[in-house]
Amino acid sequence: MAKIKKGDLVVVISGRDKGQQGRVLEVLPETQRVVVEGVQRVQKHTKAGQTARGTRTGGIETIEAPIHISNVMLVDPETKKGTRVGYRTEQVERDGRTRNVRVRVAKRSGKDI
């Protein structure tokens with residue numbers, strides 16, 4: 001199970017985009033990769049063709065490519081720096097029953113994520 005989820009703010013810790021921050025747009029658990037907004041931008045050459053909504057113009061598009069999940073780190077909401085992620089279990093009462101719920105915790109500051 002990945003500790004990084006869609007919508008999280010992450011910082012790149014290695015590679016050519018080291019130090020950049022962005023939101024996670026997509027998580028690919030089968031290949032252990034994430035797509036981060038504004039990071040790992042590559043150029044894709046597209047051919048002009050027909051789509052369901054009409055013609056598509058060709059040219060060069062810039063898209064975000066997936067980056068390995070080990071090369072990103074979650075940003076701590078308090079210190080705004082990269083942090084490791086831990087879990088804490090809490091008992092929550094819903095509909096008259098108590099359930100154990102796992103809550104993600106930033107190890108740097110101890111705050112919930």
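Modeller: What follows is a short talk through this predicted model.

Biologist: What is the average pLDDT of the protein?

Modeller: The protein averages a pLDDT of 91, and 97% of the residues score at least 70.

Biologist: Which elements have the lowest and the highest mean pLDDT?

Modeller: Strand S6, residues 54-56, has the lowest mean at 70, and S3 has the highest at 97. Where pLDDT is low, the predicted coordinates should not be read in detail.

Biologist: OK, on to the inside. Which residues make up the largest nonpolar core?

Modeller: That core has 11 residues: Ile4, Val10, Val12, Val24, Val34, Val36, Val39, Ile67, Val72, Leu74 and Val85. At least two residues of this core come from each of S1, strand S3 (33-36) and strand S9 (72-75).

Biologist: Take Val39 from that list. What does Val39 touch?

Modeller: Not counting residues up to four places away in sequence, Val39 touches Val12, Asp17, Gln20, Gln21, Glu64, Ala65 and Ile67. Val12 and Ile67 are also members of the core.

Biologist: Where does Asp17 sit?

Modeller: Asp17 is in the loop that runs between strand S1 (9-12) and strand S2 (21-28).

Biologist: Is Asp17 buried or exposed?

Modeller: Asp17 counts as buried because its relative accessibility is 12%, and the cut-off for buried is under 20%. Leaving aside neighbours within four places in sequence, Asp17 is in contact with Val12, Val39 and Gln40.

Biologist: New topic. Which strand holds Arg88?

Modeller: Arg88 is in strand S11, which covers residues 85-94. Arg88 has a relative accessible area of 32%, so it is partly exposed.

Biologist: Which side chains make polar contacts with the side chain of Arg88?

Modeller: The Arg88 side chain makes a polar contact with the side chain of Glu90 at 2.7 Å. It also makes a polar contact with the side chain of Asp112, at 3.0 Å.

Technical notes:
Residues are numbered from 1 along each chain as its sequence is written. This is a predicted model: local features need pLDDT of at least 70, side-chain atom pairs count only at pLDDT 80 or more; totals for chains, interfaces and linings use all residues. Side-chain values use heavy atoms; hydrogens and water are left out. Helices (H or I, at least four residues) and strands (E, at least two) are DSSP runs, numbered from the N terminus. Buried means under 20% relative accessible area, exposed over 50%, partly exposed in between (1.4 Å probe, protein chains only). Contact means heavy atoms within 4.5 Å. A nonpolar core is a set of buried Ala, Val, Leu, Ile, Met, Phe, Trp, Tyr and Cys residues joined through side-chain atoms within 4.5 Å. A polar contact is a pair of N or O atoms within 3.5 Å; within protein, one must be able to donate a hydrogen and the other to accept it, and residues adjacent in sequence count only if both atoms are side-chain atoms. pLDDT is the predictor's confidence in each residue, from 0 to 100.
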